[in-house]
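Please open the model in your viewer and keep the selection tool at hand. The stops below are meant to be taken in order.

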Amino acid sequence: MSDGVKRRLSYRLRRALGPFLDRAMRAVTDETIRVYPSGYAGTVHCEIDRLESVLSEHGFDWNPVSTYHYTRLGKQTNGSWVSRESPFADRQLHAVLVRQARGQIDVYAHEEYNWHRHPLKHTRDAGIDRERGVERMRAVLDDLDVDDRRESYVRRKVGHLGRRARAGLARIADA
């Protein structure tokens, strides 16, 4: 079975079980399971499969055990990827992908303790460094063969609200 097929199957399973796992996780930790505006690294303009493929080629691993993240507007994340110097490195770069529209993915990032080596620190969000993670992820995006931009918080939110309004109007017109 190819890596892409395994990832899609794992992704669907994670998508189905994610909300239940998150409720269980919140019972034992202070995990917020939200992406923060300060963790925004950029917006990539390509299909999510292409971005995931490029991340994989750049040494990132898909992270099926990542806590299920949400944006402030309640949008679910579409992928969780980590980059480590080695499987048991002290720290890891965690990239969270949020598909905003077809061909438009917001990338959030933070640096954190590697869950392989420090499971308790990782679970408790000890040592989360969004600034360093964003800096590292922007450097990665600059190296990748993808169209990426840094858009202001206001521009992204206005765009998100515009898409939601158009979708709502389309539903009304169809009714």
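Predicted model: local features only at pLDDT ≥ 70, side-chain atom pairs only at ≥ 80, totals over all residues.

**Stop 1: helix 5.** Select residues 153-174. This is helix 5, with 22 residues. From its first C-alpha to its last, helix 5 reaches 32 Å, close to the 32 Å expected at 1.5 Å a residue.

**Stop 2: the buried side.** Within helix 5, select R156, K157, H160 and G168, which are buried. Why are they on the same side of helix 5? They cover an arc of only 105° around the axis, which means that they lie on the same side of the helix.

**Stop 3: the other side.** Now select V154, R155, V158, R166, L169 and A173. On this other side of helix 5, these residues are exposed, that is, over 50% in relative accessible area.

**Stop 4**

**Stop 5: strand 1.** Is it mostly covered or mostly open? Strand 1 is mostly covered, with five of its five residues buried.

**Stop 6: the partners of strand 1.** Which strands does strand 1 pair with here? Show strand 5 first: strand 1 and strand 5 pair in the antiparallel sense, over four bridges. Select Y40 and look across to strand 5, where Y108 stands opposite. Then show strand 6, residues 148-149, which is joined to strand 1 by two bridges and also runs antiparallel to it. For this pair, select V44; opposite it in strand 6 stands D148.

Terms used:
Residues numbered from 1 in each chain as written. Heavy atoms only, no water. Expected span 1.5 Å × (residues − 1). Buried < 20%, exposed > 50% of the residue type's maximum accessible area, 1.4 Å probe, protein only. Arc of directions from axis to C-beta. Pairing = 2+ DSSP bridges.
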